[in-house]
Amino acid sequence: RTYRLARAKAALAASELGAVLLFDFNNTRYVTSTHIGEWARDKMTRYSLLTRGGEPHIWDFGSAAKHHRLNCPWLPQENIHAGMIGLRGAVAPDAGLFRRAAREIAAILRAEGVADMPLGVDLLEPPLAGALDEEGIRVRDAQQVMLNAREVKSIDEIILLNTACAMVDG
């Protein structure tokens, strides 16, 4: 966890971005060391935010957020949020969930001193892009920043990759 978060923070620091908003499950897992299973992979409801100098924030369904509070002591309790946005069209934008999420994200960016910098996003639903724009947030691509972070593996990751390959070979 420490290695991966440090790599993500270094990649963010090397970019023009003030923060990264992550919907890609692989990126959220990398930054927060959390995962809740394949059922939510294509729902875009679980997301995380990492700001320059800050600690990761994560948004998840209420029961999953409760689980993170109980079982993820490496995450600051105040950075674990219950929430949901559009479920890739299942919830109409006029329900206000995108607006609420954009306001919450903007408040965190202001509190952590990066509101005047671009926000990198790896995947984005168009209604959230509009809501972030209404909050005055400039959105940029963050996928390459996260790929740069994830490119170099720790010795532990290399051992696990080799073990997985050996199992397949066997």
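**Exercise 1. Are Tyr-47 and Trp-59 buried or exposed, and how do their rings sit together?**

Step 1. Both Tyr-47 and Trp-59 are buried; that word means under 20% relative accessible area, with exposed over 50% and partly exposed in between (1.4 Å probe, protein chains only). A word on the source: this is a predicted model, in which local features need pLDDT of at least 70, side-chain atom pairs count only at pLDDT 80 or more, and totals for chains, interfaces and linings use all residues. Residues are numbered from 1 along each chain as its sequence is written, and side-chain values use heavy atoms, leaving out hydrogens and water.

Step 2. Now check the pairing rule: rings of Phe, Tyr and Trp (its six-membered ring) pair if their centres lie within 6.5 Å, and planes under 30 degrees apart count as stacked, over 60 as edge-to-face and the rest as tilted. The structure holds 2 aromatic pairs. For Tyr-47 and Trp-59 the centres are 4.8 Å apart and the planes meet at 10°, so this pair is stacked.

Step 3. Tyr-47 belongs to strand S2 (residues 47–51) and Trp-59 to strand S3 (residues 57–60), so the pair ties together parts that are 12 residues apart in sequence. Strands (E, at least two residues) and helices (H or I, at least four) are DSSP runs, numbered from the N terminus.

**Exercise 2. Which residues touch the most other members of the largest nonpolar core, and which elements supply it?**

Step 1. Start with the term: a nonpolar core is a set of buried Ala, Val, Leu, Ile, Met, Phe, Trp, Tyr and Cys residues joined through side-chain atoms within 4.5 Å.

Step 2. This core has 22 residues, and Leu-21, Leu-49, Ile-105, Leu-119 and Leu-128 touch the most other members.

Step 3. At least two residues each come from strand S1 (19–22), S2, helix H4 (97–111), strand S5 (119–121) and helix H5 (126–134). H4 gives the most, with 7 residues.

Step 4. Look closely at Ile-105. Leaving aside neighbours within four places in sequence, Ile-105 is in contact (heavy atoms within 4.5 Å) with Leu-21, Tyr-47, Leu-49, Trp-59, Leu-119 and Leu-132.

Step 5. Another core lies apart from this one; it has 14 residues, including Leu-12 and Val-145.

**Exercise 3. How many helices and strands are there, and in what pattern?**

Step 1. Count 7 helices and 6 strands.

Step 2. Read along the sequence to find α-β-α-β-β-α-β-α-β-α-β-α-α.
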